[in-house]
Amino acid sequence: MDILLTVARSRQPLSASEVALRLRLERTTVHRLMATLAASHLLAFDPERRKYRIGSGAFELGTAYLRGQIDDRVVERIMDDLAAEVGHTVALGALTNGEVVILLARQGGHTLLTNARPGDRLAAYATAIGKLFLAELPDAEVRRFIGRNGLRRLTPRTIPSLKALLRQ
């Protein structure tokens, strides 16, 4: 699973050696496991570059997760209607391990677009959807959350301190 997550979270395809280095595992073991994952289509191997990227089987797993989270297509229709009404991107996410995972996103009609896509992971303290989750927690729990997950500046507009985040 760590191999799959490492490849999935990388913006570039990775070789077995790169994955082994990141995970501090034996390269030959990682190579064998990655070949097995590729045979199951969880990874896709590019023989020319000798690198792996996430495969179509992982998409199948992800959509199975999504179906389990959203039992009814009513949610999709509501999101479509809401995005059309407000003219902005509407996202549905889940707070997990210090991040918001986007489950569904719908673009609104305005020219200002966001790149929220299903599967994206966003820092909870630095996004509107994440701040909505944090706003529902007691301050003591937000302090623990930030203590576990950190608060680093991602852009010039990122909230720079726990105190400022709590105030916001």
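At what angle do the axes of α1 and α3 cross, and within what distance do they come? The legends below start with an overview and then answer this among the helix pairs.

**Figure 1. Overview of the predicted model.** Welcome to the whole chain: this is a predicted model, in which local features need pLDDT of at least 70, side-chain atom pairs count only at pLDDT 80 or more, and totals for chains, interfaces and linings use all residues. Residues are numbered from 1 along each chain as its sequence is written, and side-chain values use heavy atoms, with hydrogens and water left out. The protein has eight helices and five strands; helices (H or I, at least four residues) and strands (E, at least two) are DSSP runs, numbered from the N terminus. Along the sequence, the elements follow the pattern α-α-α-β-β-α-α-β-β-β-α-α-α. Taken along the principal axes, the C-alpha atoms fill a box of roughly 50 × 35 × 30 Å.

**Figure 2. Helix α1 against helix α3.** Here is the pair from the opening question: the axes of α1 and α3 come within 10 Å and cross at roughly 75 degrees. That makes α1 roughly perpendicular to α3. Axes are lines fitted to C-alpha atoms, for helices over the stretch in contact, and angles run from 0 to 180 degrees between N-to-C directions. Angles under 35 degrees count as roughly parallel, over 145 as roughly antiparallel, 65 to 115 as roughly perpendicular and the rest as oblique. From α1, Ile3, Leu4 and Val7 meet Val30, Leu33, Met34 and Leu37 of α3, where contact means heavy atoms within 4.5 Å. By class, this contact has seven nonpolar, no polar and no charged residues; Ala, Val, Leu, Ile, Met, Phe, Trp, Tyr, Cys and Pro count as nonpolar, Asp, Glu, Lys and Arg as charged, and the others, Gly among them, as polar.

**Figure 3. Helix α1 against helix α2.** Helix α1 (residues 2–9) packs with α2 at an angle of about 110 degrees, and their axes are 10 Å apart. This makes α1 roughly perpendicular to α2. Look for Asp2, Ile3, Thr6 and Val7 in α1, which meet Val19, Arg22 and Leu23 in α2. Sorted by class, the contact of α1 with α2 has four nonpolar, one polar and two charged residues.

**Figure 4. Helix α2 against helix α3.** Helix α2 (residues 16–23) and helix α3 (residues 27–39) have axes that come within 8 Å and cross at roughly 120 degrees. The two helices are therefore oblique to each other. On the α2 side, Ala16, Ser17, Val19 and Ala20 meet Arg27, Val30, His31 and Met34 in α3. The classes in this contact are five nonpolar, two polar and one charged residues.

**Figure 5. Around Glu76.** Glu76 is found in helix α5 (residues 74–86). Leaving aside residues up to four places away in sequence, Glu76 touches Leu104 and Arg106. As for Tyr125, which lies 49 residues from Glu76 along the chain, the two C-alpha atoms are separated by 26 Å.

**Figure 6. The second largest pocket.** On a 1 Å grid over the protein atoms alone, a pocket is an open set of points where a 1.4 Å probe fits, with protein on both sides within 12 Å along at least five of seven lines; lining residues have an atom within 4 Å of a point. The second largest pocket has a volume of about 170 Å³; grid points are joined across faces, edges and corners, and a volume is the space filled by probe spheres set on the points. Its lining consists of Lys131, Leu134, Ala135, Leu137, Asp139, Val142, Leu165, Leu166 and Gln168. Helices α6 (128–135), α7 (139–149) and α8 (162–167) each supply at least two residues of this lining, and the largest share, three residues, comes from α6. By class, the lining has six nonpolar, one polar and two charged residues.
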